[in-house]
Amino acid sequence: MKKAKIYLIFVMMILLLMLIPGRYAYAADREPVTSKAQLNSPDRIIGVGVGSAAMIIAEKELPEANMAYLELNEGLQALEQGKIDAYIYDRRQMKLALDSGKTGVELLDESMDEQVHIAVGISPVSRIDDLEGSLNEFISLIRGDGTLDDMYERWVNANDFNMPDIPKAVDPEFRLVVGTTGVVAPYSFYKGDELCGYDIELAYRFASYINADVEFKVYDYGSIINAAASGDVDCIMANLNITPERKEALPFSEDLYTEDIGIMVKSTGEGPEFKTFDELSGKTVSMLTGAPFDKLVSSFVPDVAEFTYFNNMPDMLLALSQGKTDAILNNNAIALLAVNRDENLTLFPQPLKDGVFGIAFDKKSNDYDKWQQAYDAIPKETIEELWDKWTGSDDAIKVPIEQDWPGNGGTVTVAACDSVEPMSYVGQGGEVMGFDADIVRLMAKEMDVKVEFEPMEFAAILSYVQSGKALMGIGSIIVTDERREAVDFVEYYPAAFVLVVRKAQSYGTGTSFEESLISSFEKTFIREGRWKLFVRGILTTLLITVLSVIFGTALGFLVYMLCRNDNPVANGITKGAMWLVQGMPMVVLLMILYYIIFAKVSIDGIVVSIIGFTLTFASSVIGLLRLGVGAVDRGQYEAAYSLGYSDLRIFFRIILPQALPHVMSSYKGEIVGLIKATAIVGYIAVQDLTKIGDIVRSRTYDAFFPLIAIAVFYFLLEGLIGMIISRVDIRLDFRKRKHSRMLKGVKLNDKN
């Protein structure tokens, strides 16, 4: 009991440490920064990059300020949270961060007085003869013919992130090794798995000029100078600022360009509002995984900075609210509900394209035509009433249609998205509800069959239908030509592709932290009795964990016993199986089991989860047993054999009791790891604790308490099972037993 109390106190302390700094850093009583002059004060904290030219300039021009040494991403995050007053860095890189969707911060119009010079760093011990002279000659050449200016205009000013075709060297004479960072757009960054950017193009052009192959080596700024100084690379092309310290370490080429040093401060505005497609230029647009509509968006906004993808609507809406994306693409039903529930969001005024919602059927299904006829029999007025019911703001009337018909035709399984309100989502009591679900129920009524819904991630629906585990799939699916190639559709309601964006004044609503905390708690646990969902999720997680531990331990022990005496066949099979199981990500193993091995078998996702985790846990148990038994002196065997003990008796009575104490601590760690690993079972339609958190977030559009609750519950589960294993450990290890238990059955002071 005492340990349990200490554990709970520890968990609460961690939560407080997580909550207090992030929430109350805003309380610093300082006026907003609107000019550079305000920063030269001992009360101000300025963020700068370690060893950068911006650091040297800031220390020179703002001698009274305190410096905090942070990289760009960490610096902007600290600035947004109010932990520093400003961040000073290359102006164009910080502007690119803003254009890419960074919110809560803004650039001052004024810059630092001094500019920085960007050049190529040259290794003083390069194996290429006169590399500095060749570089300067090349730079002068491409500056004279306008190539250098064109590169800067494309990459830096226009953010055109497309590498041109550059002729490679024919019969290269040597290899040019270039050091770069790969993390500084638009100069050196990864596009897919390929390096691109201003500096990368420069390297290719220079290699062609000197008739060389080019090889890139990626470093961080902290080690790239040393790499050049030691000769690991021939030169550095990485938006490299010239500083006095760097000039002492290695020579530099002629300047490529100069850069202003900008000043980023915490935003005093109300956030962006996009009204035209032109205003979305250079911004981030998000959509659900499996929604192939990036080309559609690009046809209206050809220079979208980035497309990002989410598994569910709540995460996407949260990213929009937090400024991690600028617009989200969805259908008219989901978008209408989202803006009705969040006063800080609104619809983009211009729709993109009309479409139609569909119910997916496997192409091999013989029932498709019958269900199409069943849908056609539903009165249009009824369908419109359902649409108004589920997309409206009155939650009191959102009750699913009861299946009160006989169902003489049997029961059919429907794969349903569990988090796309108002179309298909899990409501109170774990029941699938929404516009799609009611349409299917009306169709089922026409055919006199009952419907059983299997809730799952949106991305898993089509695979579930194609595997034959469900007759049909629903979940706000918009029909596309690509999807038609995989499945057939019953088309049932007009759809439209629309964008949801933030309102112009979506920040600073005035709600206090305490009020938002109470509201979040009420929505997460109290409203609709959602605490029951968490209980169910905990029980599912416990069931998978406990059974996987039991079966995995038994299987691992059995396999170890078969392999114990060096049976070559058993050892070969075991080694191969362990290599397969341990060599792939757990989520891949689960999906292979569920969608391939057991594709044609009616088996619950929980059972598949137990099978998958049993295999991985058994592999761990085999390794632990080998380790523990190996720690027992071989002389124990010889002594027991000399006394006439059999092999099995020696193992169970002498070797195993000594081996287990060596591995019980590691065994406990494997169980804790197993508990956390179960968080991925949502991929195969299992509603574990993590999945329940996703479901709740899909209803509340709030991430705070669902995520915190999940973290706390996992901590408690780990503590509970850890205490159980500790008790078992005490019983197995005689060194940890109480003195009275050691002497149990022994007669003391026997006078006879």
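The buried residues of helix H2 pack against strands S1 (45-48), S2 (66-69), S3 (86-90), S5 (116-122), S11 (235-241) and S13 (261-266). H2 covers residues 53-61, and its buried residues are Ala-53, Ala-54, Met-55, Ile-57, Ala-58 and Glu-61. Buried here means under 20% relative accessible area with a 1.4 Å probe, protein chains only; helices (H or I, at least four residues) and strands (E, at least two) are DSSP runs, numbered from the N terminus.

This is a predicted model, where local features need pLDDT of at least 70, side-chain atom pairs count only at pLDDT 80 or more, and totals for chains, interfaces and linings use all residues. Residues are numbered from 1 along each chain as its sequence is written, and side-chain values use heavy atoms, with hydrogens and water left out.

Now for two helix pairs, with axes fitted to C-alpha atoms over the stretch in contact and angles running from 0 to 180 degrees between N-to-C directions.

| Pair | Axes come within | Crossing angle |
|---|---|---|
| H19 (residues 531-563) and H22 (residues 605-630) | 6 Å | roughly 45° |
| H22 and H24 (residues 647-677) | 8 Å | roughly 140° |

H19 is therefore oblique to H22, and H22 and H24 are oblique to each other too.

On confidence (pLDDT, from 0 to 100 for each residue), the protein averages 81, and 85% of the residues score at least 70. Over residues 17-29 pLDDT stays under 50, and the model has 15 contacts (heavy atoms within 4.5 Å) for them beyond four places in sequence.

Terms used:
Parallel < 35°, antiparallel > 145°, perpendicular 65-115°, else oblique. pLDDT = per-residue confidence, 0-100. Buried < 20%, exposed > 50% of the residue type's maximum accessible area, 1.4 Å probe, protein only.
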